[in-house]
Amino acid sequence: MTHDSEKLVEARKAAAAQIPLNQSSTDRDRASATKAASRSHGGKEDLDQTSKINALYGTLSTIDSLAPLLPSVLDRLRSLRAIHADAALASERLSQVESRQAAMAEELKEWKDGLGKVESAMQTGEELMMGNVAAIDGWVKDLETRLQTTNSVDRT
């Protein structure tokens, strides 16, 4: 067991000696992970996996630089979710208002048609009434003339 731990220490020293000291800890981690991956697999799979690991380590610095922005981005996303929910509710209410407006427009059209019919009937009734007034006026004048003639005949 002591022998295994000594081999592990020697392997770490050898790996540390192969990685320049001026590299960042992320670069050292990437290099050691790449070497470990190359030892565990062989051939094309090894190259693919190594390139994937290197790509991940390459994006790690970008992710670390964006970490301070995450709380504000999450707040914005939450705000956008609330705004989206409000917009959906507003859209639904707008649809309801539009349907009510369409129903009211149809009802107004019906009332306008009904009012037109009533106005037409009133016009016809007024014309009939004027005709009746003229006829009755003629009768009244005829009666007045008859009365005058009967009164003049009676006086004579």
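**Salt bridges and a nonpolar patch**

Author: Arg146 forms a salt bridge with Asp142, and their closest N and O atoms are 3.5 Å apart. A salt bridge here is a side-chain nitrogen of Lys or Arg within 4 Å of a carboxyl oxygen of Asp or Glu. This is a predicted model, where local features need pLDDT of at least 70 and side-chain atom pairs count only at pLDDT 80 or more, while totals for chains, interfaces and linings use all residues. Residues are numbered from 1 along each chain as its sequence is written, and side-chain values use heavy atoms, with hydrogens and water left out.

Reader: Where do Arg146 and Asp142 lie?

Author: Both are in helix 4, four residues apart, which is about one turn of the helix. Helices (H or I, at least four residues) are DSSP runs, numbered from the N terminus.

Reader: Is Arg146 buried or exposed?

Author: Arg146 is exposed, at 51% relative accessible area. Asp142 is partly exposed, at 37%. Buried means under 20% relative accessible area, exposed over 50%, and partly exposed in between, with a 1.4 Å probe and protein chains only.

Reader: How many salt bridges does the structure hold?

Author: Three. Another one pairs Asp137 with Lys141, with the closest N and O atoms 3.9 Å apart. Those two are also four residues apart in helix 4, so about one helical turn separates them. Asp137 is partly exposed, with 39% relative accessibility.

Reader: And which residue does Asp75 pair with?

Author: Asp75 forms a salt bridge with Arg78, at 3.4 Å between the closest N and O atoms. They sit three residues apart in helix 4, which covers residues 70-155, so they too are separated by about one helical turn. Asp75 is partly exposed at 44% relative accessibility, and Arg78 is partly exposed at 46%.

Reader: Why would such side chains pair at all?

Author: Side chains of opposite charge can pair when their charged atoms come close.

Reader: Change of topic. Which residues make the nonpolar surface patch?

Author: Leu66, Leu69, Val73, Leu74, Leu77, Leu80 and Ile83 make a patch of about 630 Å². Patches use residues with over 30% relative accessible area and no salt bridge; nonpolar side chains (Val, Leu, Ile, Met, Phe, Trp, Tyr) are joined within 5 Å, and like charges within 9 Å. The areas come from the Shrake-Rupley method with a 1.4 Å probe, and for residues only the protein chains shown count as cover.

Reader: Which helix gives the most to it?

Author: Helix 4, with five residues. Val73 lies in helix 4 and is partly exposed, at 36% relative accessibility.
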